[in-house]
Amino acid sequence: MNEYVVVDLETTGLDPYKGCEIIEIGITEIFNNQIVRNYSRFVKPKMSIPYFITEITNITNEMVEFEEGIEDVLPRFRKYIGDRTIIAHNAKFDLKFLNFYLNELGLDPIQNHICTLELLKQNKSYKGKNKKLETACEYYNIENKNAHRADSDTLATAKLFLKIKDEI
């Protein structure tokens, strides 16, 4: 396999089953061990973005006000991913949201994934104090200029994956 799509979401909370929504989707593409594309897009939630989420992500209600909703964005995202393997740091979180909303829209769930958090757990040479993305980036000298924003986090996760994939 030589093609991956690194995905990160920013959300209005921790649980889609309690009404939390996706407000940003970030993607970084890896092809033949090279990062070839990095971008993100906002998604307009049905509810307001809570203040504490804006404090963490710097995403405001004004920033998403004129964006498309999940029902428009996610079908294109799903088609774009196709059967490629996605990579995410703490993939369980991102897949919970993605597959919840894919199911809501009658679209196929994403099943092929790699979790860099799990790779760190298997990596015997990793000596960071924890497995958080921020800590792993510090440990491997990976810059994450805008942490808690989807495009920056996917780029950092892509660089982390390329550093550790052969250490497992």
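Tutor: Start with residue classes: Ala, Val, Leu, Ile, Met, Phe, Trp, Tyr, Cys and Pro count as nonpolar, Asp, Glu, Lys and Arg as charged, and the others, Gly among them, as polar. By that scheme, the lining of the second largest pocket has six nonpolar, no polar and two charged residues. The model is predicted: local features need pLDDT of at least 70, side-chain atom pairs count only at pLDDT 80 or more, and totals for chains, interfaces and linings use all residues. Numbering runs from 1 along each chain as its sequence is written, and side-chain values use heavy atoms, with hydrogens and water left out.

Now the pocket itself. A pocket is an open set of points on a 1 Å grid over the protein atoms alone, where a 1.4 Å probe fits, with protein on both sides within 12 Å along at least five of seven lines; lining residues have an atom within 4 Å of a point. The second largest pocket holds about 160 Å³ of space, a volume filled by probe spheres set on grid points joined across faces, edges and corners. Its lining is Ile25, Ile27, Tyr39, Arg41, Val73, Arg76, Phe77 and Tyr80. E2, E3 and H3 each give two or more of these residues. Those labels are DSSP runs, numbered from the N terminus: helices (H or I) have at least four residues, strands (E) at least two. H3 gives the most to this lining, with four residues.

Look at H3 next. This helix covers residues 70–81, 12 residues in total. At 1.5 Å a residue H3 should span 16 Å, and its end C-alpha atoms are 16 Å apart, which agrees. The expected span is 1.5 Å times one less than the number of residues.

Which residues of H3 are buried? They are Ile70, Val73, Leu74, Phe77, Arg78 and Ile81. They cover an arc of only 130° around the axis, which puts them on the same side of H3. That arc is taken from the directions from the helix axis to the C-beta atoms. Buried means under 20% relative accessible area, exposed over 50%, and partly exposed in between (1.4 Å probe, protein chains only). An α-helix has 3.6 residues a turn, so residues three or four places apart point the same way.

What do the buried residues of H3 pack against? Their partners are strands E1 (3–11), E2 (22–31), E3 (34–42) and E4 (85–88), and helix H4 (91–104). Contact means heavy atoms within 4.5 Å. Just after H3, Gly82 takes a positive phi of about 60°.

Follow strand E2 now. Glu29 is found there. At 12% relative accessibility, Glu29 counts as buried. Beyond its neighbours within four places in sequence, Glu29 is in contact with Tyr4, Gln34, Ile35, Val36, Arg37, Tyr39, Tyr80 and Arg84.

Between E2 and E3 comes a loop, and Asn33 sits in it. Asn33 is partly exposed, with a relative accessible area of 43%. Leaving out residues up to four places away in sequence, Asn33 touches Leu162 and Lys165. Asn33 and Leu162 are 129 residues apart in sequence and 6.8 Å apart in space, C-alpha to C-alpha.

Turn to H4, one of the partners of H3. Its 14 residues should span 20 Å at 1.5 Å a residue; the end C-alpha atoms are 19 Å apart, which agrees. The buried residues of H4 are Ala91, Asp94, Leu95, Phe97, Leu98, Phe100, Tyr101 and Leu102. Their cover includes E1, E2, H3, E4 and strand E5 (113–115). Asn90 lies in the loop between E4 and H4. Its phi is near 65°, a positive value in a residue other than glycine. Asn90 is partly exposed, at 35% relative accessible area. Just after H4, Gly106 has a positive phi of about 70°.

Last, the largest pocket. About 650 Å³ of space lies in it. It is lined by 25 residues, of which Asp8, Glu10, Phe93, His148 and Asp153 lie nearest its centre. E1 gives the most to this lining, with five residues. By class, the lining has 11 nonpolar, eight polar and six charged residues.
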